[in-house]
Amino acid sequence: MANISDLAQLRQGIDECDAQLVALLAKRNGITQKIGEIKQQTGAPLHAPEREAELLAARRQEAINQNVSPDLVEDILRRMMREAYQNQQAKLACAAPSLSPIVIVGGQGAMGQLFAQQFMRSDYDVKILDKEQQDDAQSILTGAKLVMISVPINALESVVAKLPKLDDDCLLVDITSVKQSPIKALKAAHSGPVVGLHPMFGPDISHWVKQTVVVCEGREHKAAKGLLEQLQVWGCQLVELDAKKHDEAMQIIQVMRHLTTFVYGQFLAKQSHTLAELRSCSSPIYQLELMMVGRLFAQSPELYSDIMLAQFDDVESLLAQYQDTFAQTLEKLRVGDKAALMEAFADAKSYFSDSTAHFLTQSRSLLNKANDAKVLD
């Protein structure tokens with residue numbers, strides 16, 4: 001019959017296994033660093049999707065063969081990959097040396113600093129033009145091959161209009177979350193090549209691999225080839241969209257989401273329950289919801305106000321539809337019409353179509369992590 005000494009011995013075995021795991025992780029980390037150095041020297045992209053897929057499939061099969069959960073193995077591998085991508089950020093390949101010198105207008109802001117640091121990691125000559133450097137704007141911009149505008153949406157038009165004349169071959173870029181108006185402003189201020197970028201991430205990312213950047217054509221799109229190649233070397237996923245289609249998509253993806261999260265956050269703040277009380281009895285899925293709401297309010301209030309205000313006129317009809325849907329649902333609840341609620345559920349479910357199973361699997365992994373974090377608090 002097992003006793004306490006048997007338990008202690010088994011725990012010692014676990015400790016030994018864990019120590020071996022740490023040693024293996026250190027060994028793997030050293031190898032990935034060397035891989036990063038080779039990628040930097042050869043210009044190979046940080047992210048190799050086919051290699052990643054093959055590696056995961058092979059390890060999952062090995063896990064099955066050894067009666068180990070393949071999902072557990074994949075979770076561990078993905079976490080190690082993320083760490084590897086972070087470790088490979090110190091020095092990156094330069095895909096388009098002809099883009100130097102680069103000037104980032106608004107380079108002292110969070111996103112401006114993020115891009116400046118990444119360009120410098122790829123050995124570009126980067127200059128900053130912000131409020132403090134306005135008196136030297138002409139000299140800073142002289143000879144620039146790429147000028148990136150990283151300023152708030154509501155300030156972009158005035159900032160661009162005040163720029164000194166740029167060289168005809170200079171590529172002028174903006175990174176705001178709206179594209180039609182900024183691209184129009186850039187084209188009015190500069191006769192040379194123009195492209196609009198929308199990085200679908202914030203300044204707090206740990207690495208650029210798999211980060212989405214939307215690309216909207218402005219003028220002389222071929223001139224942006226080097227910049228786009230550089231983004232891909234960093235591991236970014238590029239999505240090319242017409243500026244109008246981009247703005248329409250962002251009305252749903254960003255503006256409506258921010259508005260509903262903003263309203264929900266205000267609603268919570270007016271309740272009698274404290275956040276600690278809500279968290280103490282919440283399910284993992286509500287933990288995730290609170291995290292996403294809290295994440296919004298951890299950001300700049302000016303930034304999110306600008307995002308919502310920039311397209312408010314365009315989303316009024318969407319807001320009306322949203323309010324109407326909310327009102328219809330409330331009425332179904334008020335009269336206790338279960339059949340109507342189930343019908344509405346089915347209609348919404350049909351929109352997600354075959355993605356429901358995929359989303360269920362993905363969300364289960366997120367919920368497990370949220371639950372783990374709750375236990376550790």
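In the predicted model, ring pairs join F115, F119, Y124, F201, W208 and W234 into a cluster. The search of the whole structure returns 10 aromatic pairs. One of them is formed by F115 and F119, whose ring centres lie 6.3 Å apart. The planes of F115 and F119 stand at 40 degrees, so this pair is tilted. Both residues belong to helix 4, which spans residues 110–121. F115 and F119 are 4 residues apart there, and about one helical turn therefore separates them. F115 has a relative accessibility of 2% and counts as buried. F119 is buried as well, with a relative accessible area of 0%.

A further ring pair is made by F262 and F297. The centres of these rings are 6.1 Å apart. Their planes meet at 35 degrees, so the pair is tilted. F262 sits in helix 9, whereas F297 sits in helix 11 (residues 284–297). The pair thus ties together parts that are 35 residues apart in sequence. F262 counts as partly exposed, at 31% relative accessibility. F297 also counts as partly exposed, at 43%.

Helix 9 covers residues 243–269 and also carries Q254. The relative accessibility of Q254 is 10%, and this residue counts as buried because the cut-off for buried is under 20%. Residues up to four places away in sequence aside, Q254 touches S177, H198, M200 and I307.

Helix packing was examined for helix 2 (residues 49–65) and helix 3 (residues 70–87). Their axes come within 9 Å and cross at roughly 145 degrees. The crossing of helix 2 past helix 3 is right-handed. On the side of helix 2, the contact is made by E52, L55, L56, R59, R60, A63 and I64. Helix 3 contributes P70, D71, V73, E74, L77, R78, M81 and Y85. By class, the contact residues of the two helices comprise 9 nonpolar and 6 charged, with no polar ones.

At the level of annotation, the unreviewed UniProt entry records "domain: Prephenate/arogenate dehydrogenase" over residues 100–363. In the model, this span is 56% helix and 13% strand. The C-alpha atoms at the ends of residues 100–363 lie 43 Å apart.

Notes:
Residues are numbered from 1 along each chain as its sequence is written. This is a predicted model: local features need pLDDT of at least 70, side-chain atom pairs count only at pLDDT 80 or more; totals for chains, interfaces and linings use all residues. Side-chain values use heavy atoms; hydrogens and water are left out. Helices (H or I, at least four residues) and strands (E, at least two) are DSSP runs, numbered from the N terminus. Buried means under 20% relative accessible area, exposed over 50%, partly exposed in between (1.4 Å probe, protein chains only). Contact means heavy atoms within 4.5 Å. Rings of Phe, Tyr and Trp (its six-membered ring) pair if their centres lie within 6.5 Å; planes under 30 degrees apart count as stacked, over 60 as edge-to-face and the rest as tilted. UniProt positions are given in the numbering used here, feature names are shortened, and annotations may be inferred rather than shown by experiment. Axes are lines fitted to C-alpha atoms, for helices over the stretch in contact, and angles run from 0 to 180 degrees between N-to-C directions. A crossing is left-handed if the near helix is turned anticlockwise from the far one by less than a right angle, and right-handed if clockwise. Ala, Val, Leu, Ile, Met, Phe, Trp, Tyr, Cys and Pro count as nonpolar, Asp, Glu, Lys and Arg as charged, and the others, Gly among them, as polar.
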